[in-house]
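The following paragraphs lead through one protein chain, element by element. Please keep the sequence and the structure in view while reading.

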Amino acid sequence: MAKKVESKFLIIEATASEFLNAGFGAGPVTDCGVIAGGVFDGFSMISVAGGERMVCDYCNDEIKAEDACYYVSVLNQVMCRKCFEQWHASAKYYPEDARIEQKNYEYTLKKLEAAGSQFIVPACSSQQV
Ligand SMILES: [Zn+2]
């Protein structure tokens, strides 16, 4: 179940499998140790059959299907919980990034919803900046 994280940033929390269903994620590691697939909208994207996986854009650790991932719109990155909490604790908000942040957020939200993720907007979201 995807939801917006309470923050001055636009953050989407969803499980790795929800992100994978929406077409995000990295491909399997090939024989030569390289992750197969190209870059797609800032994400490592699979174009090969078999074993999609979600990888943290920060620490490159694999995120298990049932674990939460955090899509940080302003960076256009998906992070594991640990990296997200670290980043969020010290992240600075730059108003000049708001336009691209909003664009990334809406795009990713649309992809998640198109893949069947239900999205929960907190009741107080309209008061957040
Ligand atoms: Zn991480």
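The buried residues of α3 are Glu101, Asn104, Tyr105, Thr108, Leu109 and Leu112. They cover an arc of only 130° around the axis, which puts them on the same side of α3; the arc is that of the directions from the helix axis to the C-beta atoms. The length of α3 can be checked as well: its 17 residues should span 24 Å at 1.5 Å a residue, and its end C-alpha atoms are 24 Å apart, which agrees. The expected span here is 1.5 Å times one less than the number of residues. After α3 comes glycine 116, with a positive phi near 100°.

The structure is a predicted model, in which local features need pLDDT of at least 70 and side-chain atom pairs count only at pLDDT 80 or more, while totals for chains, interfaces and linings use all residues. Residues are numbered from 1 along each chain as its sequence is written. The predictor's confidence in each residue is given as pLDDT, from 0 to 100. For the protein the mean pLDDT is 76, and 71% of the residues reach 70 or more. Confidence is highest in α2, at 96, and lowest in strand β3 (residues 39-40), at a mean of 38. Over residues 29-51 the pLDDT is below 50, and this stretch has 35 contacts in the model beyond near neighbours in sequence. Residues 123-129 also stay under 50, with three contacts beyond four places in sequence. Two residues are in contact if their C-beta atoms, placed from the backbone, lie within 7 Å.

The overall plan comes next. The protein has three helices and nine strands, in the order β-β-α-β-β-β-β-β-β-α-α-β from the N terminus on. These elements are DSSP runs numbered from the N terminus: helices are H or I of at least four residues, and strands are E of at least two. Buried residues make up 32% of the 129 residues. Among contacts between residues at least 6 apart in sequence, 54% join residues at least 24 apart.

Several strands pair, meaning that DSSP finds at least two bridges between them. β1 and β2 pair in the antiparallel sense over two bridges and form a hairpin with six residues between them; lysine 4 stands opposite isoleucine 12 in β2. β2 also pairs with β7, in the antiparallel sense over five bridges, and isoleucine 11 has valine 72 in β7 as its bridge partner. β7 (residues 68-72) in turn runs antiparallel to β8 (residues 77-80), joined to it by four bridges. Within this pair, cysteine 69 stands opposite cysteine 80 in β8. Four residues separate β7 and β8 in their hairpin, and asparagine 76 in the turn has a positive phi of about 55°. Asparagine 76 counts as partly exposed, with 18 C-beta neighbours inside 10 Å. Asparagine 60, in the loop between β5 and β6 (62-63), likewise has a positive phi, of about 65°, although it is not a glycine. Asparagine 60 counts as exposed, with 12 C-beta neighbours inside 10 Å.

What lies inside? In soluble globular proteins, nonpolar side chains tend to be buried together. A nonpolar core is a set of buried Ala, Val, Leu, Ile, Met, Phe, Trp, Tyr and Cys residues joined through C-beta atoms within 7 Å. The largest one here has 27 residues, of which Phe19, Met54, Cys69, Tyr70, Val78 and Met79 touch the most other members. Two or more residues come from each of β2 (11-15), α1 (16-21), β5 (54-55), β7, β8, α2 (81-90) and α3 (98-114). β7 gives the most, with four residues. Leaving out residues up to four places away in sequence, methionine 54 touches Ala16, Phe19, Leu20, Gly25, Glu62, Ile63, Cys69 and Val78.

Leucine 10 is buried, with 20 other C-beta atoms within 10 Å. Beyond its neighbours within four places in sequence, leucine 10 is in contact with Ser73, Glu101, Gln102 and Tyr105. Leucine 10 and asparagine 104 are 94 residues apart in sequence and 9.2 Å apart in space, C-alpha to C-alpha.
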